[in-house]
Amino acid sequence: QHYFTVLFGHEGQKPLELRCEDEVDGDEWVEAIHQASYSDILIEREVLMQKYIHLVQIVETEKVAANQLRHQLEDQDTEIERLKSEIIALNKTKEKMRPYQGNQEDEDPDIKKIKKVQSFMRGWLCRRKWKTIVQDYICSPHAESMRKRNQIVFNMVEAESEYVHQLYVLVNCFLRPLRMAASSKKPPISHDDVSSIFLNSETIMFLHEIFHQGLKARIANWPTLILADLFDILLPMLNIYQEFVRNHQYSLQVLANCKQNRDFDKLLKQYEANPACEGRMLETFLTYPMFQVLPVYIITLHELLAHTPHEHVERKSLEFAKSKLEELSRVMHDEVSDTENIRKNLAIERTIVEGCDILLDTSQTFIRQGSLIQVPSVERGKLSKVRLGSLSLKKEGERQCFLFTKHFLICTRSSGGKLHLLKTGGVLSLMECTLVEETEAS
């Protein structure tokens, strides 16, 4: 058997006597302990520190040399300006000393008139030619395409400004006040629930504020509009939207659960009454990021490319940005569809007074809803064994029905407008059902 001993350099620590089953394993342990030695780390740190000190000295030396060169350049610029002023002064002196050389003979007045007419005609022809060139370009397809392209950019700036305002309302009218409420003495909501509902909404707002500022800076340089570099900055950061989409269905569930707390529901309605919300609910603001970036930006880039010439300097960059957005859109499409379906199911589940557990199944897909008339079972004697609702049903009754892929819900509406599941047969499973069509005319 293979033993090895570990000795410690400080007092109070007894040596460790260890053994291994085979020699190879023992050698590997000894080598690993040797490599983990603290003294080796100290030596390596000392070497790195010496290299750092050497690099700092080099940097300081380079700074001194750079300052010297800068002073030399400033002195040379001053000398150049002095020499220029001397040359200008010498040229003026030379002009004054040059003797006047006038025409010994006065020019013929007719020749002067001819030259004046020729000069006027040349100017008129140049202006006419230039006007024709400008008018032809204004009416050309290229100019029309550039006007449409500029209009698309202006519309994108307006849409981005509106979206940033929506994110600002979401963060400042809901997220930050709820964070403060979660820190109160009797919090109506916990910090974990606030994080689950809003996730990275604040980060998304900061991202689009930067993008919006970049767009406004480009508009300030109109008619030169270079946008591709902005999309190059935006694309790597769009992965935060994937996190938001994946969390969206969960955030709506958490929000629905929190609304069961009366204190929270009262506080939320107070926030939603803010004039900045314009009557919109929190769920609406949480849904905006789901449909802003991918559809809007893809459509905008598609329209920009339609009015961007193939030889344009931004053509390839815009095509690359469009392809990346489409790729991200395909990845997120299924997640968005699932989220919308869950949001619809939860909305229906909240309208039912008793609630409905089967709607919490994420694989349950909503198909349609509507009102149906339940026929009394006494008129259909042969189908009495599958009648729905109360056994004492004697007349027709209106039912609010919801059809899903796995279940069929039948509800009654009370005088107050609330929905109640039928006590008997309110939830019908479609997994083991067979649809039978009666061929009798009656």
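Directly after α5, L199 adopts a positive phi of about 45 degrees. Helices (H or I, at least four residues) and strands (E, at least two) are DSSP runs, numbered from the N terminus. The model is predicted: local features need pLDDT of at least 70, side-chain atom pairs count only at pLDDT 80 or more, and totals for chains, interfaces and linings use all residues. Residues are numbered from 1 along each chain as its sequence is written, and side-chain values use heavy atoms, with hydrogens and water left out.

- Most residues other than glycine have a negative phi.
- L199 is placed in the loop between α5 and α6 (201-220).
- L199 counts as partly exposed because its relative accessibility is 36%; buried means under 20% relative accessible area, exposed over 50%, and partly exposed in between (1.4 Å probe, protein chains only).
- E278, a residue other than glycine, also has a positive phi, near 55 degrees.
- The loop between α9 (262-272) and α10 (282-306) holds E278, and a relative accessibility of 60% makes E278 exposed.

- Within α5, the buried residues are V194, S196, I197 and F198.
- D193 belongs to helix α5 (residues 191-198) and, at 25% relative accessibility, is partly exposed.
- The C-alpha atoms of D193 and N257 are separated by 9.7 Å, although the two residues are 64 residues apart along the chain.
- D229 lies in helix α7 (residues 228-234) and is partly exposed, with a relative accessible area of 32%.
- Between the C-alpha atoms of D229 and G214, which are 15 residues apart along the chain, the separation is 9.7 Å.

*Second largest pocket*

- The volume of the second largest pocket is about 280 Å³; grid points are joined across faces, edges and corners, and a volume is the space filled by probe spheres set on the points.
- A pocket is an open set of points on a 1 Å grid over the protein atoms alone where a 1.4 Å probe fits, with protein on both sides within 12 Å along at least five of seven lines; lining residues have an atom within 4 Å of a point.
- The lining of the second largest pocket consists of Q253, A256, N257, K259, Q260, L346, E349, R350, D357 and L360.
- Two or more of these lining residues come from each of α8 (239-258) and α11 (315-351).
- Three nonpolar, three polar and four charged residues make up this lining; Ala, Val, Leu, Ile, Met, Phe, Trp, Tyr, Cys and Pro count as nonpolar, Asp, Glu, Lys and Arg as charged, and the others, Gly among them, as polar.

*Annotated regions and helix α1*

- UniProt, in an unreviewed entry, lists residues 1-38 as "domain: PH"; UniProt positions follow the numbering used here, feature names are shortened, and annotations may be inferred rather than shown by experiment.
- Residues 1-38 are 37% helix and 26% strand, with end C-alpha atoms 28 Å apart.
- The 13 residues of helix α1 (residues 23-35) should span 18 Å at 1.5 Å a residue, and the end C-alpha atoms are 18 Å apart, which agrees; the expected span is 1.5 Å times one less than the number of residues.
- The unreviewed UniProt entry also annotates residues 56-93 as "coiled-coil region".
- Residues 56-93 are 100% helix and 0% strand, and their end C-alpha atoms lie 56 Å apart.
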